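Here are my notes on the aromatic side chains and the core around them. Have the model open while you read.

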Amino acid sequence: MAKLFSFTICDSINNLPAPGSAVPMLIAPQIALRPQFIPGNFSFGLAIGISGIDLQISNKLKFVIHSPDGKVVHDSGETDLPIVSKVDSSLPKMHQGFMMCIDIRNLLIPREGEYVFKFYLNGECVANQSVPIFKRME
């Protein structure tokens, strides 16, 4: 069964060049989001890891953010995850999974409070994570 094993919010995510690819670097990891203006728009990065997923079959991921009053303020829509033809068979299937970085730009923050980040895999909610969002005091 799929589960969220890693969840980090940060100010932003930079991709560092590496031979043949890029390596994501989280900038200023946070325990809460602190926009300067509420209501207003706010941008941030998110790094997640999901385990217990068979990556050799077709999977769809969806990510939704709910405001404190339950309204949807972000819906990524379903995204097809790439099928991996070769996995490390020495790692038990329940520990196999993926890491993903998400860049959220100009998210409407209507009010302060606990926002709920929900992750869906193949239509089933596999994780909820609460994130406090409060106005930054100068």
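1. Start with Phe63: it is buried, at 3% relative accessible area. Bear in mind that this is a predicted model. Phe63 forms a stacked aromatic pair with Phe119, with 5.0 Å from centre to centre and 20° between the planes. That pair links distant parts of the chain, since Phe63 is in strand S4 and Phe119 in strand S8, 56 residues apart.

2. The structure has 6 aromatic pairs. In another of them, Phe63 meets Phe117: the ring centres are 5.8 Å apart and the planes sit at 40°, so this pair is tilted. Phe117 is in strand S8 and Phe63 in strand S4, so the pair ties together parts 54 residues apart in sequence.

3. Are Phe117 and Phe119 buried or exposed? Phe117 is buried, at 0% relative accessibility, and Phe119 is also buried, at 0%. One aromatic cluster takes in Phe7, Phe42, Phe44, Phe63, Phe117 and Phe119.

4. Now the wider setting. The largest nonpolar core has 30 residues, and Phe7, Leu46, Phe117 and Phe119 have the most contacts inside it. Strands S1, S3, S4, S7, S8 and S9 each give two or more residues to this core. As a rule, nonpolar side chains in soluble globular proteins tend to be buried together.

5. Leaving out residues up to four places away in sequence, Phe119 touches, among others, Leu4, Phe7, Leu46, Ile48 and Phe63. Lys62 and Glu124 are also among its contacts.

Notes: Residues numbered from 1 in each chain as written. Predicted model: local features only at pLDDT ≥ 70, side-chain atom pairs only at ≥ 80, totals over all residues. Heavy atoms only, no water. Core = buried A, V, L, I, M, F, W, Y, C linked by side-chain atoms within 4.5 Å. Buried < 20%, exposed > 50% of the residue type's maximum accessible area, 1.4 Å probe, protein only. Helix = DSSP H or I, 4+ residues; strand = E, 2+ residues; numbered from the N terminus. Contact = heavy atoms within 4.5 Å. Phe/Tyr/Trp six-rings, centres within 6.5 Å; stacked < 30°, edge-to-face > 60°.
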